[in-house]
Amino acid sequence: MDDLETRELRYFVAVAEELHFGRAAHRLGIAQPPLSRAIRQLERRLGVQLLDRDRRGVALTGAGGVLLREARAALDAVAAAAHRTRRAEDLRRPLVLVTKAGASHELLRRLLAAAAAADTGAAPVEVVLCEVGEQARFLRSGRADVALMHRPVDDLAGFDTEDLCTEGQVALLPSGHPLAARPRLTLADVSDVPGLPIARWPRLDGTYPDGPGPEVRTQSQLAHLVALGKTLLVIPASSRAWQWPDHVAVPVIDAPAITTVLARPAGHHSPALTALTRAAAGLRDAPPAAPAP
């Protein structure tokens with residue numbers, strides 16, 4: 001009785017993410033009445049209310065929040081099974097590695113060089129660039145085989161990891177700001193700077209923490225805002241690869257250390273993954289070179 005269909009889960013996720021039946025129906029390419037019926041039928045089958053509906057709109061209930069999390073994971077698992085099954089027949093296919101654009105650039109270059117030098121018969125590596133926090137979805141959906149990620153800021157649940165290096169963090173500031181002239185800073189120095197609030201990245205669930213800083217989702221947004229003197233941020237030192245001339249990076253001496261890891265779905269192995277992991281282990285504790293200030 002409680003078996004759920006992927007169609008039902010897709011319908012519910014669309015409504016839960018849009019919080020609007022009309023927009024969800026348009027996104028799914030169906031009419032709104034059958035979508036509303038499908039959600040009500042799902043609620044009856046599960047015996048719980050998933051959505052609060054009133055004249056002000058739609059909101060998730062506690063049970064709805066649980067189903068949204070579980071439905072996303074289930075749909076990712078189904079998509080991953082399809083991706084990996086199709087790709088299993090192609091023995092010459094590249095290994096897909098996903099990483100945040102601009103992050104761990106030098107380490108990635110060295111990793112690819114080490115993998116190529118260690119095994120001339122290894123599968124080629126295709127690099128896919130993403131925005132902050134997207135690597136986990138790429139891995140869980142099967143769109144990528146392996147990822148460069150960062151502990152403790154990225155979502156590593158359900159992944160096997162190989163630690164590569166640990167590094168400090170820097171504050172990225174507008175070049176003309178007084179703090180940019182200091183040789184080092186502390187978190188207290190940058191936590192409440194008048195007129196220069198810290199940028200807010202989305203949490204793992206997609207929501208933003210409270211605060212006066214601008215909400216950002218892409219590094220290009222962030223680069224523009226820092227250059228305009230609208231925000232600052234604290235990032236791993238190696239992420240300065242995308243630093244603009246209008247930016248200055250200053251070490252933050254008490255910021256938590258960041259560990260770059262090579263992550264893959266737990267229990268997922270292949271000769272190509274094994275070769276890349278072996279190459280990654282050879283780079284452990286050799287931090288990537290940071291660009292000059």
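**View A. Leu19 sits in the loop that joins helices H1 and H2.** Helices (H or I, at least four residues) and strands (E, at least two) are DSSP runs, numbered from the N terminus. This is a predicted model, in which local features need pLDDT of at least 70 and side-chain atom pairs count only at pLDDT 80 or more, while totals for chains, interfaces and linings use all residues. Residues are numbered from 1 along each chain as its sequence is written, and side-chain values use heavy atoms, with hydrogens and water left out. The phi angle of Leu19 is near 50 degrees, which is a positive value in a residue other than glycine. Leu19 has a relative accessibility of 34% and counts as partly exposed. Buried means under 20% relative accessible area, exposed means over 50%, and partly exposed is in between (1.4 Å probe, protein chains only).

View B. The protein has 293 residues, and 40% of them count as buried. Of the contacts between residues at least 6 apart in sequence, 68% join residues at least 24 apart, where contact means heavy atoms within 4.5 Å. There are 35 positive and 33 negative side chains, and the centres of the two sets are 4 Å apart. Lys and Arg count as positive and Asp and Glu as negative, without His and the chain ends; each charge is placed at NZ of Lys, CZ of Arg, CG of Asp or CD of Glu.

**View C. The largest nonpolar core is made of 21 residues.** Such a core is a set of buried Ala, Val, Leu, Ile, Met, Phe, Trp, Tyr and Cys residues joined through side-chain atoms within 4.5 Å. Phe12, Val15, Phe21, Leu35, Ile39 and Leu51 have the most contacts inside this core. At least two of the core residues come from each of H1 (6-18), H2 (21-28), H3 (32-46) and H4 (62-88). H1 gives the most, with seven residues. Leaving out residues up to four places away in sequence, Phe21 touches Val15, Gln32, Leu35, Ser36, Ile39, Leu51, Arg53 and Val58. A second, separate core has 16 residues, including Leu111, Leu262, Leu276 and Ala280.

**View D. Leu46 belongs to helix H3.** Leu46 is partly exposed, with a relative accessible area of 29%. Not counting residues up to four places away in sequence, Leu46 touches Leu4 and Leu67. Leu46 and Leu4 are 42 residues apart in sequence, and their C-alpha atoms are 9.4 Å apart in space.

**View E. Buried residues of helix H9 (271-281) include Leu273, Ala275, Leu276, Thr277, Ala279 and Ala280.** Among the elements that cover the buried residues of H9 are strand S3 (95-100), helix H5 (105-118), S5, strand S6 (159-167) and strand S10 (258-265).

**View F. His150 is part of strand S5, residues 146-151.** Its relative accessible area is 1%, and His150 is buried. His150 touches Lys100, Ala103, Ser104, Ile258, Thr259 and Thr260, with residues up to four places away in sequence not counted. From His150 to Arg23, 127 residues apart along the chain, the C-alpha separation is 35 Å. Pro152 lies in the loop between S5 and S6. The peptide bond from Arg151 to Pro152 is cis, with omega near 10 degrees.

**View G. The structure has zero disulfides.** A disulfide is a pair of cysteine sulfur atoms within 2.5 Å. The cysteine sulfur closest to that of Cys130 is in Cys165, 17 Å away, which is too far for a bond. Cys130 is buried, with a relative accessible area of 4%. Cys165 is buried as well, at 1% relative accessibility.

**View H. Ser175 is placed in the loop between strand S7 (169-174) and helix H7 (187-191).** Ser175 has a relative accessible area of 39% and is partly exposed. Setting aside residues up to four places away in sequence, Ser175 touches Ala180, Pro245, Asp246, His247 and Val248. The C-alpha atoms of Ser175 and Arg7 are separated by 51 Å, and these residues are 168 apart along the chain.
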